Amino acid sequence: MPLSQNFINHVRIPENNDWVIFILIGCVFLYVFMMNIIERDASLKDFLLQKYFDASNNLPSWIITSCVTALTLSVLLSQYIPIVPKYIADLQLMGYQLNKFGYTFMAVLFFYVSKSALGFLFYQSIGDGRKWSIFYFTSTKFYFILSFLLIILCITHYYFPVDRNKIFFYYFCFFAFVAVFKIFFYLFHKNNILPEKWYYKFLYICTLQIAPLLLLWKLLFF
């Protein structure tokens with residue numbers, strides 16, 4: 001018998017993370033387009049510190065920032081998704097089906113779109129629709145900074161030797177801190193973006209900040 005039959009290949013096939021860098025580069029180009037075209041060559045400092053009444057093109061900036069945040073968050077969380085639910089995996093388009101990243105991105109996108117639509121309806125229903133545009137203008141700055149932190153975490157997660165199982169606890173603590181900080185950011189921001197009456201503030205925080213996060217967690221991890 002030839003000895004070649006007992007040969008064991010010890011060559012390690014490295015994990016291919018090219019898709020990650022392509023997504024992150026696309027996110028950077030979106031921000032370059034936003035700052036140069038939509039924000040008319042505004043500097044980073046001017047963009048973050050600009051006042052609502054001095055700003056323009058707020059809606060496109062909010063949409064781009066939300067897309068970048070959804071993409072980077074999906075890249076980071078997709079590696080921790082146990083499985084793609086069977087009823088989702090069975091859906092195919094031209095022979096393709098959603099992988100873990102695709103499923104995570106669709107869940108996060110559904111989370112953002114639903115929360116934004118409900119937020120708009122909430123402000124309209126309490127007769128304070130004028131504040132909605134001030135709200136998403138202010139939240140754009142918050143998510144802009146958060147998205148850069150997510151880009152750094154994605155690079156660290158995929159291109160540095162980290163223990164992904166151990167670091168998940170730190171990710172959980174980080175996102176919990178961000179969620180709590182965002183609530184206080186909205187409550188005490190000088191733009192007064194939340195409704196004036198305290199029970200409307202309480203209703204908004206419970207139904208449009210806490211409840212959607214619990215729903216997203218259930219979609220991704222259960």
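**Close-up views of aromatic contacts and a nonpolar patch**

Let's begin with Y31, which is buried, having a relative accessible area of 4%. The views below all come from a predicted model.

**View 1. Y31 and F148 make a stacked aromatic pair.** A search of the whole structure turns up 41 aromatic pairs.

**View 2. F135 and Y204 meet edge-to-face.** Here the ring centres lie 5.7 Å apart, and because the planes stand at 75°, over the 60 degrees required, the pair counts as edge-to-face. F135 sits in helix α6 and Y204 in helix α8 (residues 198-221), so the pair ties together parts 69 residues apart in sequence. Both F135 and Y204 are buried.

**View 3. K141 lies over the face of F47.** Look for K141 at 3.8 Å from the ring centre of F47.

**View 4. Seven side chains to find in a nonpolar surface patch: I21, F22, I25, F29, I155, Y159 and F160.** Together they make a patch of about 710 Å². Helices α1 and α6 each supply at least two of the patch residues, and α1 gives the most, with 4 residues. I155 is found in helix α6; its relative accessibility is 34%, so I155 counts as partly exposed.

How values were computed
Residues are numbered from 1 along each chain as its sequence is written. This is a predicted model: local features need pLDDT of at least 70, side-chain atom pairs count only at pLDDT 80 or more; totals for chains, interfaces and linings use all residues. Side-chain values use heavy atoms; hydrogens and water are left out. Rings of Phe, Tyr and Trp (its six-membered ring) pair if their centres lie within 6.5 Å; planes under 30 degrees apart count as stacked, over 60 as edge-to-face and the rest as tilted. Buried means under 20% relative accessible area, exposed over 50%, partly exposed in between (1.4 Å probe, protein chains only). A charge sits over a ring if NZ of Lys or CZ of Arg is within 6 Å of the ring centre and within 35 degrees of the ring normal. Patches are made of residues with over 30% relative accessible area and no salt bridge: like charges are joined within 9 Å, nonpolar side chains (Val, Leu, Ile, Met, Phe, Trp, Tyr) within 5 Å. Accessible areas come from the Shrake-Rupley method with a 1.4 Å probe; for residues, only the protein chains shown count as cover. A salt bridge is a side-chain nitrogen of Lys or Arg within 4 Å of a carboxyl oxygen of Asp or Glu.
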